[in-house]
Amino acid sequence: MASTSTSSTVSPLSRLNFPLMFFKRGTNSQNHMTIPSTSIHFHLHNKLAISHSSSSISRFRPDGFSVYSLSVDHDQFEDPTNCLSSDHTTQEKLQVQSSMWNWEGYSIRYQYSGSSGPALVLVHGFGANSDHWRKNIPVLATSHRVYSIDLIGYGYSDKPNPRDFSDKPFYTFETWGAQLNEFCKDVVKDQAFFICNSIGGLVGLQAAVMEPQICKGMILLNISLRMLHIKKQPLLGRPLIRSFQSLLRNTALGKIFFKTVATSESVRSILCQCYNDTSQVTEELVQKILQPGLEPGAVDVFLEFICYSEGPLPEELLPQVKCPVLIAWGDKDPWEPIELGRAYENFDSVEDFVVLPNVGHCPQDEAPHLVNPLVQSFVARHATPPASESKAS
């Protein structure tokens, strides 16, 4: 698309980790949409490019977004690798319950299933919710106590206005990490294994650093590389990034932006990028992602997070984690390249790096037949106490 600007500044920013979608309304090409009465355009390519004329910004091109809150009926999915197939087991798989937990005065939605075995807490990525684990909860619950939580601000949990907290950021990994630890203490009432996807991986790592006695082990599925973190940007480009974030957060442009992305068409388009197997992008799935984002307060949370380019990086948290970590990566992830993710296998806490072939950014939902056995084997290795401890007890 031709730009009307007289000069152009291109910053090598990529992979925004939030659920932006395609823009089809008023389009004149496949990958972008012009917004009426404004000079800002959004594209999906491999860099964030901001072209400007005078003090106005006229182009914004992010190349990747984390969207996954996929929910259909639990009983539609059976893991073909699961050897437990009795009638009792089948019935137990269907008993996925939803409940609310009061955390510091806020209502937090979570789902749970299973009555015995090690505790698992499943942590979604940005813009998703506990329904994103719909293909995992009933299968894993046959031998585990499984919990999936809606982080505050997302899904059907409360969405407090970030402006009510003065100048102190509220939607941070420290907030979500504290929420995760308190959930384990108040609801799970036990140590737990954290199974995390994308941005949820940062939440799990932060929680494990804050209170290491709670997390027994962690699986990170395509953890966010946080390529838009301010530390990963060139010094000369940082003021421009700050200006753009301020423009989205503090002007009507942000809400216009949100309205254009919060549509069924946009959600469907981005899911077709997110999943290598696009046959799984159904209308029900699209609506399960879209509907929580239409609740009051969702737009403020969305805009707050896209302006959150600080906080911890995975490479800063991994050296501090005391529990065993397994990293699994869908090799067809268009937003978090596996080539960059492989660098994380060199940390002492990481016991293995598993490649998931022909899988995109959300392996737990696209390839549960690969992820569920991986979780079961990892937990089995680390849930059983060493023989010396068993004899001592």
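Hi everyone. Of the 393 residues in this chain, 57% are buried, where buried means under 20% relative accessible area, exposed means over 50%, and partly exposed lies in between, using a 1.4 Å probe and protein chains only. Before going on, please keep in mind that this is a predicted model, in which local features need pLDDT of at least 70, side-chain atom pairs count only at pLDDT 80 or more, and totals for chains, interfaces and linings use all residues. Residues are numbered from 1 along each chain as its sequence is written, and side-chain values use heavy atoms, with hydrogens and water left out.

Let's start with the whole chain. The chain has 14 helices and 13 strands; these are DSSP runs numbered from the N terminus, H or I of at least four residues for helices and E of at least two for strands. The chain exposes about 15700 Å², and carbon and sulfur atoms supply 50% of that, with areas taken from the Shrake-Rupley method with a 1.4 Å probe, and for residues only the protein chains shown count as cover. Now for contacts, meaning heavy atoms within 4.5 Å. Among contacts between residues at least 6 apart in sequence, 75% join residues at least 24 apart.

Next, the strands. Strands pair if DSSP finds at least two bridges between them. Take β10, residues 192–197: six of its six residues are buried. Which residues point which way from β10? Ala192, Phe194 and Cys196 go one way, while Phe193, Ile195 and Asn197 go the other. In a regular strand, side chains alternate between the two faces of the sheet.

Who are the neighbors of β10? Strand β8, residues 119–123, runs parallel to β10 and is joined to it by four bridges; Val123 has Cys196 as its bridge partner. Strand β11, residues 215–221, is also parallel to β10, with six bridges, and there Ile195 is partnered with Ile219.

In β12, residues 325–330, six of six residues are buried. Val325, Ile327 and Trp329 point one way, and Leu326, Ala328 and Gly330 the other. Six bridges then link β12 to the parallel strand β13, residues 350–356, where Leu326 has Asp352 as its partner.

Now a helix, α13, residues 368–383. At 1.5 Å a residue, its 16 residues should span 22 Å, and its end C-alpha atoms are 21 Å apart, which agrees; the expected span is 1.5 Å times one less than the number of residues. Its buried residues are Pro368, Val371, Asn372, Leu374, Val375, Phe378 and Val379. They cover an arc of only 160° around the axis, so they sit on the same side of α13; the arc is that of the directions from the helix axis to the C-beta atoms.

Last stop: Pro292, in the loop between α8 (283–290) and α9 (298–306). Is Pro292 buried or exposed? Pro292 is buried, with a relative accessible area of 5%. Leaving aside residues up to four places away in sequence, Pro292 touches Asn129, Gly155, Tyr156, Lys159, Gln287 and Ala298. Tyr154 is 138 residues away along the chain, yet the C-alpha atoms of Pro292 and Tyr154 are 7.2 Å apart.
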